[in-house]
Amino acid sequence: MNNPFDYTFWLASRAAGIVGFVALGAVAILGLVSALRLVEPKTAARMKPWHERLALTGLACITAHGLLLLGDAWLNPGLAGIAIPFTMAYRPLWTGLGITAFYCLAAFGLSFYQRRRIGARRWRSAHRFASVAFVLGGLHALMAGTDARSPLLLGIIIFLGVAIVGLAGARALGLPAKRKPATRRPAPRVAATP
């Protein structure tokens, strides 16, 4: 049996990557549920702090996922391998998609703090593409992960992927429909008294 301490950095990196993936998946679902108005406005307001906290947690975990790989003697990716997409010798396409997804998600997430400068409408339009970046991250997890075929991890990837693609599809179709402004009923006519 292999000694797990021989793969400490690899295992720690995988753990950080999985936690980050789940956190960012939850962020995407919370954001889409709120955008689609599937919950009451009060509930959506309560979800906002969790959306932000989970986004920062997920980005921190994905950062740790990449940095911990620097200590793995077998992979030995080097700084360029974890920072520049498609340059790592190990499954370059799928690791490159993961690095690209991280940069996109970091840009979408951290741009929240520059929303006033960017403009709320422009920021919201760009933020819609965060779901696409998450799908790229899912492809990375599925195709580059050594344990991605395990039933538990496969189930997590499929569940989050289906939920996010479904909700993002509904958003792309223009849901929810814009509410029409309430029209006033004409005041009833009062019959003139003789």
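Student: Let's begin with Arg 37. Where is Arg 37 found?
Tutor: Arg 37 sits in the loop between α1 and α2. Keep in mind that this is a predicted model.

Student: OK. What's the phi of Arg 37?
Tutor: Phi of Arg 37 is near 55°, which is a positive value in a residue other than glycine. Most residues other than glycine have a negative phi.

Student: And is Arg 37 buried or exposed, or partly exposed?
Tutor: Arg 37 is partly exposed, with a relative accessible area of 46%.

Student: Which loop holds Arg 91?
Tutor: Arg 91 is in the loop between α3 and α4. Its phi is near 40°, again positive in a residue other than glycine. Arg 91 counts as partly exposed, at 38% relative accessibility.

Student: Let me zoom out. How many helices and strands are in the protein chain?
Tutor: The protein chain has eight helices and zero strands. Read from the N terminus on, the elements go α-α-α-α-α-α-α-α.

Student: What share of the residues in the chain is buried?
Tutor: Buried residues make up 31% of the 194 residues in the protein chain.

Student: And what about contacts between residues 24 or more positions apart?
Tutor: Those account for 66% of the contacts in the protein chain with a separation of 6 or more.

Student: Which residues make the contact?
Tutor: From α4 there are Trp 94, Thr 95, Leu 97, Gly 98, Ala 101, Cys 104, Leu 105 and Phe 108. From α7 there are Ala 130, Ala 133, Phe 134, Leu 136, Gly 137, Leu 139, His 140, Met 143 and Ala 144.

Student: What classes do the residues in the contact of α4 with α7 fall into?
Tutor: By class, that contact has 13 nonpolar, four polar and no charged residues.

Student: How about α2 and α4, what's their angle?
Tutor: α2 and α4 pack at an angle of about 150°, with their axes 11 Å apart. That makes α2 roughly antiparallel to α4. The crossing of α2 past α4 is left-handed.

Student: Which residues meet there?
Tutor: Leu 56, Leu 59, Ile 62 and Thr 63 in α2 meet Phe 102, Leu 105, Ala 106 and Leu 110 in α4. The contact of α2 with α4 has seven nonpolar, one polar and no charged residues.

Student: Switching topic: how many salt bridges does the structure hold?
Tutor: It holds one salt bridge. Side chains of opposite charge can pair when their charged atoms come close.

Student: What does Asp 147 form a salt bridge with?
Tutor: Its partner is Arg 14, and the closest N and O atoms are 2.5 Å apart. The pair links distant parts of the chain, 133 residues apart. Asp 147 lies in the loop between α7 and α8, while Arg 14 is in helix α1, residues 8–35.

Student: Is Arg 14 buried or exposed?
Tutor: Arg 14 is buried, with a relative accessible area of 13%, whereas Asp 147 is partly exposed at 28%.

Student: Which residues does His 65 touch?
Tutor: Leaving out residues up to four places away in sequence, His 65 touches Ser 13, Arg 14, Ala 16, Gly 17 and His 140. His 65 is in helix α2, residues 41–69. It counts as buried, because its relative accessible area is 13% and the cut-off for buried is under 20%.

Student: Last one: where is Ala 83?
Tutor: Ala 83 is in helix α3, residues 78–83, and is partly exposed at 29% relative accessibility. Not counting residues up to four places away in sequence, Ala 83 touches Ile 99 and Tyr 103. Ala 83 and Leu 67 are 16 residues apart in sequence, and 9.5 Å apart in space from C-alpha to C-alpha.

Technical notes:
Residues are numbered from 1 along each chain as its sequence is written. This is a predicted model: local features need pLDDT of at least 70, side-chain atom pairs count only at pLDDT 80 or more; totals for chains, interfaces and linings use all residues. Side-chain values use heavy atoms; hydrogens and water are left out. Contact means heavy atoms within 4.5 Å. Helices (H or I, at least four residues) and strands (E, at least two) are DSSP runs, numbered from the N terminus. Ala, Val, Leu, Ile, Met, Phe, Trp, Tyr, Cys and Pro count as nonpolar, Asp, Glu, Lys and Arg as charged, and the others, Gly among them, as polar. A salt bridge is a side-chain nitrogen of Lys or Arg within 4 Å of a carboxyl oxygen of Asp or Glu. Buried means under 20% relative accessible area, exposed over 50%, partly exposed in between (1.4 Å probe, protein chains only). Axes are lines fitted to C-alpha atoms, for helices over the stretch in contact, and angles run from 0 to 180 degrees between N-to-C directions. Angles under 35 degrees count as roughly parallel, over 145 as roughly antiparallel, 65 to 115 as roughly perpendicular and the rest as oblique. A crossing is left-handed if the near helix is turned anticlockwise from the far one by less than a right angle, and right-handed if clockwise.
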